[in-house]
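Here is a short briefing on one protein model. It covers the fold, the sheet and the nonpolar core.

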Amino acid sequence: MKKKLFTLIELLVVIAIIAILASMLLPALNKAREKGRTIACASNEKQIMSGIHMYMNDWNSWFPANWGPTATQGKAYPVNIRSYVQGSNQLGDADTKCKNKIWWCPTHMRTALSFGQWTGYPWINDMSYGMSLVLFDRYGWLTSIGLPKNTQHKLTEVSKPSTFLCITEAANSSTKDPGSGHHTVYNAYVNGRHGAGGMDISSGYANTGYVDGSVRAEKALYLQMTPYKDEAPWFKKFDGRY
């Protein structure tokens with residue numbers, strides 16, 4: 001008895017069915033992968049927030065300084081807290097690359113324009129997590145909304161730490177490209193990397209660390225609200241002083 005062989009039409013039908021099943025499964029797999037990257041990103045921020053709190057415990061509740069326009073005016077916050085963050089204390093001031101995974105969201109690493117640069121003293125380009133300029137504004141960019149330049153704040157000044165933003169996912173202030181990042185952040189530069197599909201910085205979610213140490217995903221559009229609105233997380237009052 002001859003064995004029955006697949007006809008060409010039957011083979012094509014089988015291939016078509018496999019293709020349909022794959023097209024149905026791939027989006028679910030991609031969502032699962034992105035969910036995993038989002039969880040890893042939140043874990044990074046938890047470690048960073050723990051490092052910031054340990055720094056404040058040692059420095060009389062002061063938030064870490066975060067950059068200045070010249071090398072003599074201070075270092076970026078990752079440099080200031082690196083000895084408190086697991087796995088990053090080997091990074092020296094003169095290191096040319098910031099490749100430590102703690103400072104990089106896994107989603108960002110897939111789309112990054114470049115690896116972050118440690119340029120000797122204050123500056124780190126394109127790292128994932130920026131610290132709020134409200135907590136330490138070396139630039140003087142926020143004087144227009146009533147925050148004095150070069151004012152460093154203490155943890156004890158924050159009246160509602162669970163709703164006061166400390167760090168979040170950042171885009172470069174010059175390009176606002178979803179593949180970019182920065183070590184400082186303000187409302188216009190929040191980078192909604194998660195669930196955005198790389199479209200633009202406003203279309204997704206950003207993992208966000210609050211002053212109390214909690215981390216949660218927020219809509220980028222929410223974080224990009226005008227910062228001095230009462231409901232925005234950037235401008236909660238410093239014990240009524242602002």
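From the N terminus, the elements run α-α-α-β-β-β-β-β-β-β-α. That makes four helices and seven strands, taken as DSSP runs numbered from the N terminus (helices H or I, at least four residues; strands E, at least two). The model is predicted: local features need pLDDT of at least 70, side-chain atom pairs count only at pLDDT 80 or more, and totals for chains, interfaces and linings use all residues. Residues are numbered from 1 along each chain as its sequence is written, and side-chain values use heavy atoms, without hydrogens and water.

**Sheet**
- Five strands form an open, mixed sheet in the order β5-β3-β4-β6-β7; strands pair if DSSP finds at least two bridges between them.
- β5 (184-185) and β7 (215-219) each have a single partner strand, so one side of each lacks a neighbour in the sheet.
- β3 and β5 run parallel, joined by two bridges.
- Methionine 131 stands opposite threonine 184 in β5.

**Core**
- The largest nonpolar core has 37 residues; such a core is a set of buried Ala, Val, Leu, Ile, Met, Phe, Trp, Tyr and Cys residues joined through side-chain atoms within 4.5 Å.
- Ile48, Ile52, Phe63, Tyr77 and Ile81 touch the most other members.
- α1 (8-58) is among the elements giving two or more residues; α1 gives the most, with six.
- Phenylalanine 63 has contacts (heavy atoms within 4.5 Å) that include Ile52, Met131, Cys166 and Val211.

**Burial**
- Buried residues (under 20% relative accessible area, 1.4 Å probe, protein chains only) make up 46% of the 242 residues.

Key: Buried < 20%, exposed > 50% of the residue type's maximum accessible area, 1.4 Å probe, protein only. Lists of a residue's contacts leave out its neighbours within four places in sequence.
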